[in-house]
Amino acid sequence: MKVLVIGAGNMGLTYAEGMSKSKLLKENIMVMDKSDEKLDELHQILHFDAYSNLEDCIPKADIIFVAVKPYHAEELFKTIKPLVTSDQILISIMAGITIDVIQNLSGVSKVVRAMPNLPASVGLGLTSYVSSSNVSRIELLTVEGLLSTTGKSILVSNENLIDASTGISGSGPAYVFYFMQSMMEAALQMGFSKNDSKLLVSQTFTGAIELFNQSNLSPNSWMQKVASKGGTTQAALDSMDDNNVNELIKEAAFAAFSRAVELGKVS
Ligand SMILES: NC(=O)c1ccc[n+]([C@@H]2O[C@H](COP(=O)([O-])OP(=O)(O)OC[C@H]3O[C@@H](n4cnc5c(N)ncnc54)[C@H](OP(=O)(O)O)[C@@H]3O)[C@@H](O)[C@H]2O)c1
């Protein structure tokens, strides 16, 4: 099987690197970019075959992975339309561009729309994906195998859940960083050095996530394990409850979800 990645930006290269380790591929990944600077970089990477022309690589591809910015989609799809065949599968990670739009503009009928997140770059990403109805179960297993090379992936039942996953996993790393930033600021104000503040917070997150991942307990149960009645943790949790932090976080996630839906309508 041959995979072509179009767009050698952050996300394209992350997935190209991940997929190149997949046992499903017997040959080098093809990576295509229009920028000369990116091509120079690509030529240095021995496990990629670099291309500057779509005409040279599209006909060889079984799977076409599109990782350009959404505003480049129309121009790109116009160029690939005369080059594609009915058995090729197109995977798009472009935010907000629907399967319908991709099918109409590109002429490809087997389309997978995926939503990645930034931790994909360290192999701990979460990619949610959905496909057009003509992608077979076996083809979906192949797609899942490729997407999971950057972490984990989940197949969702409709495109609305792709926008919803933007609000949870897509934008989610920023919510975690928001929380980390607040805790680091508090640590600094309590008198810790910058380095110690960073270590206190990062190790606390790593440890808590590891506890969560190694058990079947809910976050609520873990909270109860840390907190004792009248103790220090309970004082913090009560303060968060008094300030409605739980509701505010949910509101923030829904704000991202709504924005993803809105952006999809203008694309
Ligand atoms: N970054 C994230 O966390 C994230 C999360 C979810 C989804 N996404 C999606 O991932 C996609 C890629 O994001 P990115 O941050 O990796 O973008 P990026 O860094 O801008 O990379 C895109 C690359 O594609 C090139 N390109 C543009 N048009 C092309 C064409 N017609 N043919 C070949 N190459 C072309 C660009 O060249 P030029 O620079 O010369 O234009 C650039 O090198 C976006 O659609 C975004 O919505 C990103």
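Reader: In β3, which residue is the bridge partner of I29?

Author: This is a predicted model. Strand β2 covers residues 29-32 and strand β3 covers residues 48-51, and the two pair in the parallel sense over four bridges. Within this pairing, the β3 bridge partner of I29 is F48.

Reader: Which are the edge strands of the open sheet of eight strands?

Author: The sheet has mixed pairing and the order β3-β2-β1-β4-β5-β6-β7-β8. Each edge strand pairs on one side only, and these strands are β3 and β8 (151-155).

Reader: Which residue in β8 does T127 stand opposite?

Author: Strand β7, residues 125-131, runs parallel to β8, and five bridges join them. In β8, the residue opposite T127 is S153.

Reader: Are α8 and α9 parallel, perpendicular or oblique to each other?

Author: Helix α8 spans residues 172-190 and helix α9 spans residues 194-213. Their axes come within 9 Å and cross at roughly 140°. An angle over 145 degrees would count as roughly antiparallel. The relation of α8 to α9 is therefore oblique.

Reader: In which hand does α8 pass α9?

Author: The two axes cross at roughly 140°. The crossing in which α8 passes α9 is right-handed.

Reader: Which element gives the largest share of the shell around the ligand?

Author: The ligand is surrounded by 26 residues, the closest being G7, G9, M11, M94 and A95. Two or more residues of the shell come from each of the elements α1 (10-20) and α4 (73-80). The largest share, three residues, is given by α1.

Reader: How many residues of the shell around the ligand are nonpolar?

Author: The shell also includes seven polar and five charged residues. The number of nonpolar residues is 14.

Key:
Residues numbered from 1 in each chain as written. Predicted model: local features only at pLDDT ≥ 70, side-chain atom pairs only at ≥ 80, totals over all residues. Near = placed C-beta within 6 Å. Nonpolar A, V, L, I, M, F, W, Y, C, P; charged D, E, K, R; others polar. Pairing = 2+ DSSP bridges. Axes fitted to C-alpha atoms, helices over the stretch in contact; angles between N-to-C directions. Parallel < 35°, antiparallel > 145°, perpendicular 65-115°, else oblique. Left-handed = near helix turned anticlockwise from the far one by under 90°.
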